[in-house]
Amino acid sequence: MEKQDKMADITPIRLGMDSKFQFKCHKGVECFTKCCRGINIILTPYDILRLKNRLGLSSEDFLAIYTEPRLMEKTDLPVVTLRLLDDEEESCPFVREDGCIIYKDRPTTCRYYPVGVATLTHKEGADDEGFFFFVNEPHCRGFEEEAEWTVRDWRKDQGVDIHDEINQEWTDLVVRKRSFPQNIKLTDKSKELFFMASYNIDNFRRFVFESSFLTRYQAPPETVEKIKTDDIALLKFGLEWLKGLLFNYENFEMNMEQQTVSIKENHP
Ligand code: SF4
Ligand code: SF4
């Protein structure tokens with residue numbers, strides 16, 4: 001996983017799905033778990049969903065205990081990163097000497113490593129097809145091991161293709177917002193709704209079922225029934241709703257030559 005400051009000056013080499021690399025990570029490497037310290041991991045909506053279920057926490061509690069809020073560079077969108085321990089090495093809270101204690105539910109960025117995803121790390125040039133690059137950390141000895149992968153095979157092996165499929169609408173929102181001119185800003189209310197539908201799935205469920213939401217936004221009865229209990233269906237539903245909401249110009253503020261023009265909001 002990359003450390004943001006260290007990576008800021010590195011020009012990413014663009015990789016495609018069929019780009020090849022040599023890599024293997026296992027308990028025998030001398031650097032085992034070094035990449036789980038001093039890191040910067042942006043969590044995706046599906047990461048939060050899996051982790052909070054794994055730990056038996058509500059999304060609200062998981063966010064409070066394990067995450068730090070941030071604004072994603074160039075998009076002005078509120079995201080969260082994994083909160084590191086306050087120890088000398090700034091360790092991930094889930095790392096132990098013999099590895100990751102939540103390995104089966106590890107976040108998207110951990111699964112991709114040593115491949116980075118430009119969309120998540122706001123590299124220049126990330127577009128609607130995204131792109132991949134190597135996270136070249138000198139301490140990682142995995143590149144010396146004999147195993148060859150394409151990016152495509154690596155994604156499948158690590159189960160990250162499923163994460164990407166579920167997060168697709170969210171990634172599209174991020175890329176689309178990044179393509180907007182810098183003076184087009186989301187209103188605070190829109191940012192709150194983006195955060196809730198992306199990350200706080202339990203609150204979003206209450207918002208859908210305990211407000212006037214369903215009288216304002218009509219959804220097929222079978223969808224309404226499903227999202228009562230199915231977190232993944234609710235996440236996908238919420239992201240689809242966000243797309244319609246955020247790219248409606250009523251929800252933006254435009255800063256024109258020092259003047260901020262607020263445009264009327266129309267939220268439930
Ligand atoms: S080989 Fe690389 S990915 Fe594996 S533990 Fe070492 S630093 Fe981490
Ligand atoms: S979640 Fe697991 S794999 Fe990812 S940084 Fe933490 S310990 Fe390492």
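1. A residue is called buried if 20 or more other C-beta atoms lie within 10 Å of its own, exposed if 12 or fewer, and partly exposed in between, with C-beta atoms placed from the backbone. In α11, the buried residues are Leu234, Leu235, Lys236, Phe237, Gly238, Leu239, Leu242 and Leu246.

2. The model is predicted: local features need pLDDT of at least 70 and side-chain atom pairs count only at pLDDT 80 or more, while totals for chains, interfaces and linings use all residues. Residues are numbered from 1 along each chain as its sequence is written, and chains are lettered from A and ligands numbered from 1 in the order in which they are written.

3. The protein has 11 helices and 12 strands, taken as DSSP runs (H or I, at least four residues, for helices; E, at least two, for strands) and numbered from the N terminus. Of its 268 residues, 30% count as buried.

4. Helix α7 (residues 188-199) packs with helix α11 (residues 231-246) at an angle of about 165°, their axes 10 Å apart. Axes are lines fitted to C-alpha atoms, for helices over the stretch in contact, and angles run from 0 to 180 degrees between N-to-C directions. The angle therefore makes α7 roughly antiparallel to α11 (over 145 degrees; under 35 is roughly parallel, 65 to 115 roughly perpendicular, the rest oblique).

5. Contact requires C-beta atoms, placed from the backbone, within 7 Å. On this basis Ser190, Leu193, Phe194 and Ala197 of α7 meet Gly238, Leu239, Trp241, Leu242, Leu245 and Leu246 of α11.

Note on methods: Contact = placed C-beta atoms within 7 Å.
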